[in-house]
Amino acid sequence: MSWADLGTIAPVVVAVLVAAAILIVDMILPGRRNAILVTALGGLGVVAVVLLAQAGHSGEAFGGAYSLDNLTVFLDFLFVSIAILTLLFAVDYLESRGLPIAEFAAILIFAVTGAMLIAASTDLLLLFVALELMVLPGYMLVGFARRDPYSTEGAIKYFLLGSFSSAILLFGLAYVWGITGTTRVDGVAAALAKVVAGGPLSPGLAMGLAFMSAGVAFKMAAVPFHYWTPDAYQGSPTPVTAYLSVGPKVGAFAIVLRLFAEALGPLKADWLPIVIVLAAATMTLGNLVAITQDNVKRMLAYSSIAHTGYILVGLAAYAGGQQSGLSAILFYGAAYTFMNMGAFAIVTALQRRPGVSSQISTFAGLGRRDPWLGALMAIFLLSLTGIPPLAGFWAKAYVILAAIQAGGWLTALAVLAMVNAAAAAFYYLRVVTYMYMRDPAGEAEPTSPGMLFRAGLAVTCVATLIFGLFPAIVTAATSAANALHV
Amino acid sequence: MPVLSLIILTPLVGALLIAVLPSNEAHLIRRTALAFALLAWVFSLVLLAAFAFGPAGFQFVEATDWIPTFGIQYKVGVDGLSVLMVVLTTTLTWISILASFKPIQDRVKGYMISFLVLEVGMIGVFVALDLFLFYIFWEIVLVPMYLIIGIWGGANRLYATMKFVLYTLVGSLLMLVAILATAFAYQTGHAGSWVGAFDYQALAAWAAGGHFANDLQILAFLALFLAFAIKVPMFPFHTWLPDAHTEAPTAGSVILAGVLLKLGAYGLIRFAVPLFPFAAHTFAWPIIVLSVVAIVYGAIVSIVQPDLKRLVAYSSVSHMGFVTLGIFTFSAAAYQGAVLQMINHGLITGGLFLLVGVIYERTHDRSIAKMGGIAAVMPIYATVFGFFILASAGLPGLSGFVGEFLVFVGSFGMAPVIAVASIIVMVLAATYLLWMFQRLAFGELSEFFRGLGGHLTDLDRTELITLAPLAFLIVVLGLFPSLVLDLLRAPTQVFLAAVGVAVGG
């Protein structure tokens, strides 16, 4: 390792230091909430500044295992935003339940460090290690409310299925290594290009592909590998659910970009049908089950499965020959991050006091008793539905456009996605209906979120609007996608 | 002067202004909303006055790049058809807002914001010359109407508003796929350049050259047709309409019938037919048959409706059938008749919903069976109601007649059977309208009304102000339809030329 390497991996280094610093601060000044928050948020701010300094640069470290390019910077920004927002939304919730903030912040930042490392991995082994670094803290976060049996149940389910799927993914990677003789992404791509030219897939490679697909599908919660999602989401403390619905999901798509788009690019034609089937099943089933949910957290969990399906449409479009599918994935990830975290934030705000459920009836009359929260929730839900001119609309539009450009079966997939989007309107607008068109059963507690919380809401709302009104932001996603060697 | 942007922005500024007013200042909020709606109306009249009748093509065009990567622009412009629709929209909007002053007492702020945002969307749809922009305005219309029905509607409003949203969304999302596919076909035909791919004028020129492949035309047309047919609504996609109308507050019904249904017809005229003439010809006959079914079915079902609003709603299905019949007959007379019918239906049905609202305000009931003899206690009301009933039934001399007559003339040349079938419906229309009026206005004062006693006051000043402009326009357009037809001369030629492409080729 050289000093230049250290400069290249600076964001990850700083993030790890921040997480460590939080633990030290907590040791020296136990129970001092503000000191911890300043360290955590300030530290993440420093990471963001480092990223800003790296923007536009490219380079590699550790002999090409770690790549710094536009994709790395784009995704890292997203992950840092996710960490900051999660922290902002979590403080009130954790405090009122007597859960420690320092541990939460440190674990969260370790998880996000893993995600950042995934974004930069151009080596299969590093990719796997980074993935584990992302998901292990995730299990801890799900079980963070130790005394809540649902939280523990969700954590155990998530842990068992998560480690199982990690093993499957690793098994698949081993096959690829065995056949190509390298773990470097570009080397794998080059070797596979020769294999493809030589005729049909060998059984070993086919098995490797199948195992990797299954492993990644688990991580991104694609149907039929989604069973852990609803329980983990519902059992987690709500701010953790907000994080889970975007952090590991975008992380999983970062794996997809590095692994499937880049390393397995030559096998596109072979994994295209897999992705089409996964996308169709994921969005349809996610939506159908979401329609029947009466618990908003669970509804958002299933709807996040549906959104995975829409993002997979972008991947399918890429496999179908449209480079623009990749930038559509990135834009979707960014748009989804902000609008979905915003929606979860409102759920968190309602649950500020312990004991408040996330049943849909909790939302009855929210528009009247708390007009701001109601209006924000309406914006997030309309954006998730895909109503223009909000972020979620453009996310869908870009994905659909890429699919239409790819043509063939993908046009049918685009139509299916749109029919699904119309069905999704039913359950998203149902919440709006409760907020504005129904009266609450009893007197509800007033919700008065703190300053940090408001700041987080402002960020998510502004992002949802800005992405909608100035969707030219997609150029950032495009340049990030172009960084891939595909 | 960017007058179109001005007309779009005026209600938006009004909505933003109201958003910062304190919500307990209901009076101030109402007046602000009315002021901005009137201002938009004045601007639209300026537009009408400045509009040059003769030349074909679009005027007052404004274009700014929005998303250059995909050639998406903020591009607006108007031809004679759009101008008429814009003026209809601005007129009905201020009337609706004024008519809401008394009935809407709860959450006035949200209501007025919704209405002004609704106006932004409606005007935007009529002036957008970029397909993407058009789609965005189209969807913007949806949300405020969903709120207006869902928050300020009747007892069964939640069901009605969800049905309205889901029907519309299914259509519009498939329309989005069609728009993107069309733009992509254009891009492929232009060496991969997105410039102009969403530009209506560029696309129309490309379509006029017969460049869109037939299978693309068929699929894209079907998707657009579904979206627009749901909005019109054509049989068998009409089932959301009676529910939405019945549950919507009075002003909501006025806008729904007066403008929202026109969005669908406008979409057919502006986009579906000229961009995909081959497909339009392929499906012309099935659509004509559906139109005739709608005309007859709407009329027959109207006869048996027990609820005043539901009756007017079903009569809309019948009346809008003439519009789609006129569009797909592909003749000058039928086209002009169809557009005239769009305007007439907006004025007449808008008036009828206002009048139903008047009686509902006083009695909180709409069932025809309970009514009777209202002419004795509310003579002015009965007279005005009678006027609108006659206009709706197509009495010569009033505007309703001219539109339907022109559609007959146009469709007679194509298929006499259809014209004859539609004329018979005139008799049915007279039946359900006059019978309803008879039960409402004449005879003994019903027991229900007698029980209300002093509540049955005649039309007040505000109500007269809302009804007078509609009545005035109905008479003027009935006597001088050329006022509208002159505006439509150039658009008619353009439309027929676009359709002619497929006839010749």
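A residue is buried if 20 or more other C-beta atoms lie within 10 Å of its own, exposed if 12 or fewer, and partly exposed in between, with C-beta atoms placed from the backbone. With 13 C-beta neighbours inside 10 Å, Ala458(A) therefore counts as partly exposed. Ala458(A) sits in helix 19 (residues 451–469) of chain A. Helices (H or I, at least four residues) and strands (E, at least two) are DSSP runs, numbered from the N terminus. Ala458(A) and Leu288(A) are 170 residues apart in sequence and, C-alpha to C-alpha, 31 Å apart in space.

This is a predicted model: local features need pLDDT of at least 70, side-chain atom pairs count only at pLDDT 80 or more, and totals for chains, interfaces and linings use all residues. Residues are numbered from 1 along each chain as its sequence is written, while chains are lettered from A and ligands numbered from 1 in the order in which they are written.

Take chain A as a whole. Its secondary structure comes to 20 helices and two strands. The radius of gyration of chain A is 21 Å, close to the 23 Å that the globule rule gives for 486 residues, so chain A is as compact as a globular protein of that length. That radius is taken over C-alpha atoms, and the rule is 2.2 Å times the number of residues to the power 0.38. Along the principal axes, the C-alpha atoms of chain A fill a box of roughly 70 × 55 × 40 Å. Of its 486 residues, 64% count as buried. Two residues are in contact if their C-beta atoms, placed from the backbone, lie within 7 Å. Of the contacts in chain A with a separation of 6 or more, 80% come from residues 24 or more positions apart.

Now look at helix 8 (residues 185–197) of chain A. This helix has 13 residues and reaches 18 Å from its first C-alpha to its last, close to the 18 Å expected at 1.5 Å a residue. The expected span is 1.5 Å times one less than the number of residues. Val185(A), Val188(A), Ala189(A) and Leu192(A) are buried in helix 8 of chain A. They cover an arc of only 100 degrees around the axis, which puts them on the same side of the helix. The arc is that of the directions from the helix axis to the C-beta atoms. An α-helix has 3.6 residues a turn, so residues three or four places apart point the same way. The face turned away from the buried side carries the exposed residues Lys194(A) and Ala197(A). Cover for the buried residues includes helix 6 (124–142), helix 7 (149–180) and helix 11 (238–263) of chain A. Gly199(A), with a positive phi near 130 degrees, follows helix 8 of chain A.

Turn to chain B. In helix 7 (residues 200–208) of chain B, the buried residues are Tyr200(B), Leu203(B), Trp206(B) and Ala207(B). Seen down the axis, they fall within an arc of 130 degrees, so they line one face of the helix. Gly210(B) follows helix 7 of chain B, and its phi is positive, near 70 degrees.

Finally, the interface. Here 25 residues of chain A are in contact with 23 residues of chain B. Helix 18 (409–437) of chain A is among the helices that each supply at least two residues of the touching side of chain A. Helix 18 of chain A gives the most to that side, with 12 residues.
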